[in-house]
Amino acid sequence: MIGNIAEGRRNLGEGMPVMMYRLFQYSLRSELSRRYSEDMAKELFRKAGELSGREFALHMLDLTLPLNDFLASLQNSLEVHKIGILRIEKFDPHTGNVVLTVGEDLDCSGLPVTGDQVCNYDEGFLSGVLKEYTGKDYLVKEVDCWASGARVCRFEANVDQQAKV
């Protein structure tokens with residue numbers, strides 16, 4: 001349902017301030033938390049992020065590239081689309097597990113420090129991208145966040161050993 005943005009927004013274009021994106025995201029999150037629960041809101045954001053990550057990978061990335069080239073392409077694409085600055089800290093080629101950071105994260109960089117990890121959408125997004133590239137289910141958990149006092153978001157992405165093959 002993305003549509004033809006260039007046709008529909010001939011004057012305003014594709015750009016939109018981060019403030020407006022966050023206004024939408026955090027008001028939706030607040031309403032979901034109020035109606036259901038904070039845990040349910042987080043899970044819904046993860047699931048929405050996973051779907052977005054899979055679609056992003058399928059339509060915006062070359063899934064046939066060798067791993068290093070794919071990661072470089074992902075880094076470039078996230079930066080070009082102003083999602084964040086991706087860095088790979090650690091990758092285990094035997095397990096497929098990876099630790100990565102996202103700086104200037106669209107979802108949280110600049111938020112007040114609350115002690116929370118708030119990038120549940122990003123957890124899902126990264127999980128979806130990794131799933132499309134590897135064909136394996138990933139569990140992605142944010143371990144550092146701007147909102148928890150870190151200056152980058154750090155994620156541990158591990159292959160889900162419990163997933164059905």
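Trainee: What makes up the lining of the largest pocket, by class?

Mentor: In this predicted model, the lining of the largest pocket has 22 nonpolar, 7 polar and 7 charged residues. Tyr counts as nonpolar under the classes used, and Tyr21 and Tyr121 are among the residues that lie nearest the centre of this pocket, with His81, Ile83 and Leu106. The lining has 36 residues, and the volume is about 1500 Å³.

Trainee: Which helices supply the lining of the largest pocket?

Mentor: Helices H2 (18–35), H3 (38–60), H4 (67–80) and H5 (120–134) each supply at least two residues. The largest share, 8 residues, comes from H3.

Trainee: How do the residues of the lining of the second largest pocket divide by class?

Mentor: They divide into 3 nonpolar, 2 polar and 9 charged. Asp, Glu, Lys and Arg count as charged, and Lys47 and Glu50 are among the residues nearest the centre of the second largest pocket. Its volume is about 300 Å³, and H3, H5 and strand E3 (138–144) each supply at least two residues of its lining.

Trainee: Why is the contact between Glu50 and Lys47 called a salt bridge?

Mentor: The rule asks for a side-chain nitrogen of Lys or Arg within 4 Å of a carboxyl oxygen of Asp or Glu. The N to O value for Glu50 and Lys47 is 4.0 Å, and the pair is counted as a salt bridge. Both residues lie in helix H3, 3 residues apart, about one turn of the helix.

Trainee: What makes Glu31 and Arg35 a salt bridge, and how is each classed?

Mentor: Their closest N and O atoms are 2.7 Å apart, and the cut-off is 4 Å. Both lie in helix H2, 4 residues apart. Glu31 has a relative accessible area of 29% and is therefore partly exposed, whereas Arg35, at 56%, is exposed. Glu31 and Arg35 are also linked with Arg34 in a network of salt bridges.

Trainee: Which parts does the salt bridge between Glu89 and Arg154 tie together?

Mentor: The side chains of Glu89 and Arg154 meet at 2.8 Å, N to O. Glu89 lies in strand E1 (residues 85–91) and Arg154 in strand E4 (residues 153–159), so the pair ties together parts that are 65 residues apart in sequence. Glu89, at 43%, is partly exposed, and Arg154, at 23%, counts as partly exposed.

Trainee: How many salt bridges does the rule give?

Mentor: By this rule the count is 10 salt bridges.

Definitions and conventions. Residues numbered from 1 in each chain as written. Predicted model: local features only at pLDDT ≥ 70, side-chain atom pairs only at ≥ 80, totals over all residues. Heavy atoms only, no water. 1 Å grid on protein atoms, 1.4 Å probe; cavity = no way out; pocket = protein on both sides within 12 Å on 5 of 7 lines; lining within 4 Å. Points joined across faces, edges and corners; volume = space filled by probe spheres on them. Buried < 20%, exposed > 50% of the residue type's maximum accessible area, 1.4 Å probe, protein only.
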